[in-house]
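Me: Please examine the model shown below. I would like to go through its helix packing, its aromatic pairs and its local backbone features in turn.

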Amino acid sequence: MHTTPDGRPVPPAHAGERAMLEAWLDFHRATLALKCADLKDDQLRRAAAAPSSMTLLGLVQHLAEVERNWFQRIFAGQDVPPVFGRGNHDGFALEPGRGLAEVTAVWQAEIARGRELIADATLDDSGRLSEQDAEHVGDQGVSLRWILVHMIEEYARHNGHADLIREGVDGVTGT
């Protein structure tokens, strides 16, 4: 596997559909981790720009929740609570004592659990959306293919937010 100079895995130029989707998702996961690297706790908690309260630490927490939602709740049909408590269903709310090491460990555990749940599935296997969410998609069933594409989109969008937040924190750009 090739890597970028900063160590992120480069998705293969030629691969099967499943390998390509998973490689791009891993690339975006690594990008988020890199956006948070080498920052102090107060920098990770710095909000993007008023009126937004979005932070880099909050983005990692949010994406842990997103991982749990799509792979455990929707794809596997499991009834699991929010990752960071019932009052933090989207994951963005920060706790004073919860730092990057703890949040990253939780996020990585959610990623690992998702990988386990889809390991033997085909791209055509489906998960089930709630009736309310199905109204937006047009169907209660969503394929693993759809979920992986959505996850890539979710990470790519939030990595754009992370780019702007990181630049505001210490001027680092380009990752």
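Reply: Glutamate 67 has its place in helix H3. The model discussed here is a predicted one.

Me: Is glutamate 67 buried or exposed?

Reply: A residue counts as buried when its relative accessible area is under 20%. For glutamate 67 the relative accessibility is 0%, so this residue is buried.

Me: Which side chain is joined to that of glutamate 67 by a polar contact of 2.6 Å?

Reply: Leaving aside neighbours within four places in sequence, glutamate 67 is in contact with Arg29, Gln72, Trp107, Glu110, Ile111, Met151 and Tyr155. The polar contact of 2.6 Å runs from the side chain of glutamate 67 to that of tyrosine 155.

Me: How do the residues of the contact of H3 with H6 divide into nonpolar, polar and charged?

Reply: Tyr and Trp count as nonpolar here, whereas Gly counts as polar. On this scheme, the contact of H3 with H6 divides into 16 nonpolar, 4 polar and 3 charged residues.

Me: With which residues is glutamate 154 in contact, leaving aside its neighbours within four places in sequence?

Reply: Glutamate 154 is located in helix H6 and is buried, at a relative accessible area of 8%. Its side chain makes a polar contact of 2.9 Å with the side chain of arginine 157. Leaving aside neighbours within four places in sequence, the residues in contact with glutamate 154 are His62, Leu63 and Val66.

Me: How are H1 and helix H4 oriented, roughly parallel or roughly antiparallel?

Reply: H1 and helix H4 (residues 100-118) pack with their axes 12 Å apart, and the angle is about 175 degrees. Because roughly antiparallel applies to angles over 145 degrees, the orientation of H1 relative to H4 is roughly antiparallel.

Me: Which residues of H4 make the contact with H1?

Reply: On the side of H1, the contact is made by Arg18, Glu22, Asp26, Arg29, Leu32, Ala33 and Cys36. The residues of the contact divide into 7 nonpolar, no polar and 5 charged. From H4, the contributing residues are Leu100, Trp107, Ile111, Arg115 and Ile118.

**Aromatic pairs**

Me: The structure holds 2 aromatic pairs. Which geometry does the pair of tryptophan 24 and phenylalanine 27 have?

Reply: The ring centres of tryptophan 24 and phenylalanine 27 are 5.4 Å apart, with 75 degrees between the planes. Planes over 60 degrees apart count as edge-to-face. The pair of tryptophan 24 and phenylalanine 27 is accordingly edge-to-face.

Me: Where do tryptophan 24 and phenylalanine 27 lie?

Reply: Tryptophan 24 is partly exposed at 37% relative accessibility, whereas phenylalanine 27 is buried at 14%. The two residues are 3 residues apart, about one turn of the helix, and both lie in helix H1.

Me: Why is the pair of tryptophan 70 and tryptophan 146 tilted?

Reply: The ring centres of tryptophan 70 and tryptophan 146 are 5.5 Å apart. Planes under 30 degrees apart count as stacked and those over 60 as edge-to-face, the rest being tilted. The pair is tilted because its planes stand at 45 degrees.

Me: How many residues apart in sequence are the parts that this pair ties together?

Reply: Tryptophan 70 is buried, with a relative accessible area of 11%, and tryptophan 146 is partly exposed, at 34%. Tryptophan 70 lies in helix H3 and tryptophan 146 in helix H6, so the separation in sequence of the parts tied together is 76 residues.

**Backbone features**

Me: Is the peptide bond from alanine 50 to proline 51 cis or trans?

Reply: Proline 51 lies in the loop between helix H2 (41-44) and H3. Most peptide bonds are trans. Omega from alanine 50 to proline 51 is near 5 degrees, and this bond is cis.

Me: What is the phi of aspartate 38?

Reply: Aspartate 38 is found in the loop between H1 and H2 and is exposed, with a relative accessible area of 79%. Its phi is positive, in a residue other than glycine, with a value near 65 degrees.

Technical notes
Residues are numbered from 1 along each chain as its sequence is written. This is a predicted model: local features need pLDDT of at least 70, side-chain atom pairs count only at pLDDT 80 or more; totals for chains, interfaces and linings use all residues. Side-chain values use heavy atoms; hydrogens and water are left out. Helices (H or I, at least four residues) and strands (E, at least two) are DSSP runs, numbered from the N terminus. Buried means under 20% relative accessible area, exposed over 50%, partly exposed in between (1.4 Å probe, protein chains only). A polar contact is a pair of N or O atoms within 3.5 Å; within protein, one must be able to donate a hydrogen and the other to accept it, and residues adjacent in sequence count only if both atoms are side-chain atoms. Contact means heavy atoms within 4.5 Å. Rings of Phe, Tyr and Trp (its six-membered ring) pair if their centres lie within 6.5 Å; planes under 30 degrees apart count as stacked, over 60 as edge-to-face and the rest as tilted. Axes are lines fitted to C-alpha atoms, for helices over the stretch in contact, and angles run from 0 to 180 degrees between N-to-C directions. Angles under 35 degrees count as roughly parallel, over 145 as roughly antiparallel, 65 to 115 as roughly perpendicular and the rest as oblique.
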